[in-house]
Amino acid sequence: MSEILSSLRSLMASHSPPLDALVVPSEDYHQSEYVSARDKRREFVSGFTGSAGLALITKNEARLWTDGRYFLQATQQLSHEWTLMRMGEDPLLEVWMSDNLSEEANIGVDPWCVSVDTANRWNKSLAKKNQKLIPTTTDLVDEVWKNRPDSQMSPVVVHPLEFAGRSVSDKLEELRSKLKQESARGYVIAALDEVAWLYNIRGTDVAYCPVAHAFAIVTIDSAFLYVDKKKVSNEASDYFKGLGVEVREYTDVISDVALLASDTLFSSFSSKSTKEDMETDSDWLWVDPAKCCYAIYSKLDADKLLLQPSPLSLPKALKNHVELEGLKKAHVRDGAAVVQYLAWLDEQMQELYGASGYFLEAESNKKKPTSETSKLTESTVSDKLESLRAAKEHFRGLSFPTISSVGSNAAIIHYSPEAGACAEMDPDKIYLCDSGAQYLDGTTDITRTVHFGKPSAHEKDCYTAVLKGHIALGNARFPKGTSGYTLDILARAPLWKYGLDYRHGTGHGVGSYLFVHEGPHQVSFRPHARNVPLQASMTVTDEPGYYEDGNFGIRLENVLVVNDAETEFNFGDKGYLQFEHITWAPYQVKLINLEQLTREEIDWLNTYHLKCKDILAPFMNQTEMEWLEKATEPVSVLV
């Protein structure tokens, strides 16, 4: 790490103009949350592997900003040369730079890896001391990154209409209608999932995310896709021709954006070639400032830009009937894999470690596996879960790295075990498993927390509080126009009763064979969760948790679909909404303090468990079914 920092500081000093600081974001050219191996620049310079964060390197300091999901992980992964900056507790990056860097300091950043919103916010803060954000012509990290991974050369795959549910022509028509409404003549698309959704294509350029590295431009009368043409087969090429989408090289996007700005970008598929022929005489172009990089923005006329949230984000989040049915089917198969996994793991923990098991509550007899090869680790058990998923119809891979975590590791919110360097399974400690998969008909995300020994009274109380919040959110009915910011309190209130809380959001949208984290809506305490109200046919997760550093972590997560609700009254004539659970796997009754559940919560738990048993039964063999029947036996209020 010292050598990397030293090399970067040398490049900073020789840069023209010399740089007083260098910002290394987590994002790629598309402002993605999850990036390919060759785009993990912030991880390379800092050693921190979390998906979110910003690194700042000055002449004599190195600081890393990340959010509450990663505080503990960053503490463990950062070397002594780095200082952790806790978002929400420490000053923001731009505030720290303004306060601590010298007058007229130059701060370098790769303009491809920072959004318009972020760059503008930084510039505004830096202007107070005449400090400047300097877009570098090359990424300085790439210059010192020896053995940087190669680009993925996987093919672009057409996503069939039987899974997509909407045609590309229909989506393009809707997009162009919105352009006309806003008097815009074109939209520049940088987000990978938006390109994939709009053109009904998928790829494998980014691990866990079925997308291809690509940009797109859509105008009133033309459509372009910018992708490495070596990834486009003859079949795919014919597909794009049939749609009237012109395929150009990935690197052509920057020159074509300049042509778009001067109104001289034309498609060979378009019969219109002059502005007079256009259906609008507008000079405005639409760019989503949160998703478009500063490099592209700099090629456009800032005075003629419509800087607004993407016109594709909401339509993508509002799942069509085919997508909803596919998601529900995918979650049934996925739930079956999770139950098969828990039944297998229960048997293994008893056999190899002398655990009392999933159902009984007693200390283990401290038995150890007879050989190194039979030992269970966080990594080997997650491999088993993946193999069970892989056997299911339409499986295409995991939707994120499985969070398979024992004891204190479960307190690391986004922990990911490394083979050969992770913890062994322990029957006397809590085990948290947050996992998901990509299927052709849907994306899944589920978390269950279990204990194969004797949980403490405190662990039970914490699990029960998390479960109560999970149930409260899932059972909510609320008027149309309500945002996830308003609902977030429902999941936290049972924890707040004890003075407990968690540092992550409560829910995120889930894609349809796309990103596992999908906006624009969310359930969160963060202010931007106010921006988009929940609407019928959206998906959202319900995942409260509680984490004690060095001890244990608890999280429970289901995917929900937002539906219209039938209510006795309709105050304000707004209409009401409710949630439908589409995730199926039992909650561990042994970890629940039943005395703390209300009659309504008990009834909900029993009803949900009965549905689990009935829905998953067709996938179970006899042994697995016996386990599932026991895991879903009705419980009653203790008197």
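Is N147 buried or exposed, and what is its relative accessible area?

Mentor: N147 is exposed, because its relative accessible area is 77%; buried means under 20%, exposed over 50% and partly exposed in between, with a 1.4 Å probe and only protein chains counted. Before going further, note that this is a predicted model, in which local features need pLDDT of at least 70 and side-chain atom pairs count only at pLDDT 80 or more, while totals for chains, interfaces and linings use all residues. Residues are numbered from 1 along each chain as its sequence is written, and side-chain values rest on heavy atoms, with hydrogens and water left out.

N147 belongs to the loop between α6 (140-144) and β7 (157-158). Helices (H or I, at least four residues) and strands (E, at least two) are DSSP runs numbered from the N terminus. The backbone of N147 has a phi near 60 degrees, a positive value in a residue other than glycine. N200 likewise is not a glycine and has a positive phi, of about 50 degrees. It sits in the loop between α9 (192-199) and β9 (201-202). N200, however, counts as buried because its relative accessible area is 4%.

Two cis peptide bonds may be considered next. One joins S16 and P17, with omega about 0 degrees, and P17 is placed in the loop between α1 (2-14) and β1 (21-25). The bond from G519 to P520 is cis with omega near 10 degrees, and P520 belongs to strand β23 (residues 518-523).

Strand β3 (residues 62-66) contains T66. This residue counts as buried because its relative accessibility is 0%. A polar atom of the T66 side chain lies 2.8 Å from the backbone oxygen of A52; such a polar contact is a pair of N or O atoms within 3.5 Å, one able to donate a hydrogen and the other to accept it, and residues adjacent in sequence count only if both atoms are side-chain atoms.

Helix α14 (residues 321-353) has 33 residues, and its end C-alpha atoms are 47 Å apart, which agrees with the 48 Å that it should span; the expected span is 1.5 Å times one less than the number of residues. Of its 33 residues, 25 are buried, and the helix is mostly covered. At its start, a side-chain oxygen of N320 comes to within 3.0 Å of the backbone nitrogen of V322. Just after the helix, G354 adopts a positive phi of about 70 degrees.

Helix α16 (residues 457-474) is largely enclosed by the rest of the structure, because 14 of its 18 residues are buried. From its first C-alpha to its last it reaches 26 Å, close to the 26 Å expected.

Charged pairs come next. Side chains of opposite charge can pair when their charged atoms come close. A search of the whole structure finds 33 salt bridges, each being a side-chain nitrogen of Lys or Arg within 4 Å of a carboxyl oxygen of Asp or Glu. In one of them, E361 pairs with K460, the closest N and O atoms being 2.7 Å apart. This pair links distant parts of the chain, 99 residues apart: E361 is in the loop between α14 and α15 (378-390), and K460 is in helix α16. E361 counts as partly exposed because its relative accessible area is 37%, whereas K460 counts as buried because its value is 18%.

Within helix α17, D488 and R492 lie 4 residues apart, about one turn of the helix. Their side chains meet in a salt bridge of 2.5 Å, N to O, and both residues are buried. Elsewhere, salt bridges that share partners join D39, R41, D139, D142 and R148 into one network.

Helix α17 (residues 484-496) also holds L490, which counts as partly exposed because its relative accessibility is 32%. L490 forms a nonpolar surface patch with I489 and W496, with about 260 Å² of accessible area together. Accessible areas come from the Shrake-Rupley method with a 1.4 Å probe, and for residues only the protein chains shown count as cover. Patch members have over 30% relative accessible area and no salt bridge; like charges are joined within 9 Å, and nonpolar side chains (Val, Leu, Ile, Met, Phe, Trp, Tyr) within 5 Å.
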